[in-house]
Amino acid sequence: MKPRALLITMTLLAVACGSRTFLGGGVEADGSPTGADASVGHAVDASSEAGADGRPSSCVDEVIARDGRGATVLAVDGDTVFWGTVDGRVQRHDARGNALLAQATGAIDAIAFDAARVYYAVTGELASVPRGGGASSIVAQKIGLPTAIAVDPQAIYVLDHGQGIAAGRVLRVEADGGSSVLTSGLDVPSGLAADREHLYVPAALVLIDGGAALGPLVAIPKAGGAPSLLLQGLKQPSGITTFGGRVYFIEQVDAHSTLDGGLRAIAPSGGPVSTIVHTPALLPIGVSVDAQGAAVTALSNTTGGALLVAALDGSGARQLASTPGVVYADVALAGPAVYWTIGWTSSAHVPADSPSVRKACR
């Protein structure tokens, strides 16, 4: 999630709850300064906890990165973590430690990877850098306000948030840097997810078939062609992902615009919508899903960032981590671990070594 989205999130929460968001400045239950080291679930004893394959897990909770300005977006491939920062750094974490991959001119607004490269976006520009380090290169320019990237062997897909009413677009960028518009007319698009044939975008509104649809979930053919409406009437949609033949998306509020939303799921062909995680009194933000379950980042008006996990049938939902005075934003699942980025609700009195990317064990 990009920095301006963090500000939008805080505004929406204040409106929904009718009160001021807690900005931190106190102490944790253990006496440590608020936000100095977020409270997370637990460290896993490798001798006693089994992983998904039944073998002992070596997962431990840890702080991946520290940066008082916070982190923006995140992508995880096994034990390798890629993330962006407010001041334009693209970074990697693996068994060797942390490394700077690239330095951009503005905040990193989107990030993704393939087998060879890491792709990242700043305002107006899509670039890439080798996963192992090396020179970065410009992939495409004039791409507006990119907020999400999806990559497959054929192309790179970019969500342009746009400036103005219904100015959002989805672009297809070819290997040679050429780009085409797959769909336009999106107002406040809030995420991009992909399966083999389609891209999925939730938005506040879309201009489609000569009319306007409110709260749509739009399905867009990757190869080009007319977009279609998978759903309408979504209430303040946020993060979105796909897994196992289903589309998972967040509604931040209910029909009364109160904080009673959650994580939903639907088949790519449409049909019934199921609720995976219910988030009363929380503003859900980001989502990641794998075979072991779902993870949702959220924001409380009184207690700050929260990380929730649940099974895909909606059972066993629980809070895995929370930190006063911060926003938990982007999230990614990998094996027994959950990784997420942290942004601050206020830049005042935030220590430079404050956690910005964290890992917790499910």
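Author: Before we start, one term: contact means heavy atoms within 4.5 Å. Also keep in mind that this is a predicted model.

Reader: Okay, which residues does Arg172 touch, not counting residues up to four places away in sequence?
Author: Start with where Arg172 sits, which is strand E12, residues 168–173. Leaving out residues up to four places away in sequence, Arg172 touches Gln154, Ala155, Ile156, Tyr157, Gly178, Ser179, Ser180, Leu182, Lys222 and Ala223.

Reader: With which side chain does the side chain of Arg172 make a polar contact?
Author: Tyr157 is among the residues that Arg172 touches. At 3.3 Å, the polar contact of the Arg172 side chain is with the side chain of Tyr157.

Reader: Is Arg172 buried or exposed?
Author: The cut-off for buried is under 20% relative accessible area. Arg172 has 15% relative accessibility, so Arg172 counts as buried.

Reader: How far apart are the C-alpha atoms of Gly343 and Ser356?
Author: Along the chain, Gly343 and Ser356 are 13 residues apart.

Reader: Which residues does the disulfide join?
Author: A disulfide is a covalent bond between the sulfur atoms of two cysteines. The structure holds one disulfide. With an S to S distance of 2.2 Å, it joins Cys59 to Cys361.

Reader: How many residues apart are Cys59 and Cys361?
Author: Cys59 lies in the loop between helix H1 (3–17) and strand E1 (62–66), while Cys361 is in strand E30, residues 355–361. Both Cys59 and Cys361 are buried. The pair links distant parts of the chain, and the two cysteines are apart by 302 residues.

Reader: What is the handedness of the disulfide of Cys59 and Cys361?
Author: Look at the torsion about the S-S bond of Cys59 and Cys361, which is about -95 degrees. That torsion is why the disulfide is left-handed.

Reader: Zooming out, how many strands does the chain have?
Author: The chain has 362 residues, and 53% of them are buried. Of the contacts between residues at least 6 apart in sequence, 41% join residues at least 24 apart. The secondary structure comes to one helix and, for strands, 30.

How values were computed. Residues numbered from 1 in each chain as written. Predicted model: local features only at pLDDT ≥ 70, side-chain atom pairs only at ≥ 80, totals over all residues. Heavy atoms only, no water. Helix = DSSP H or I, 4+ residues; strand = E, 2+ residues; numbered from the N terminus. Buried < 20%, exposed > 50% of the residue type's maximum accessible area, 1.4 Å probe, protein only. Polar contact = N/O pair within 3.5 Å; in protein donor to acceptor, adjacent residues only side chain to side chain. Disulfide = S-S within 2.5 Å.
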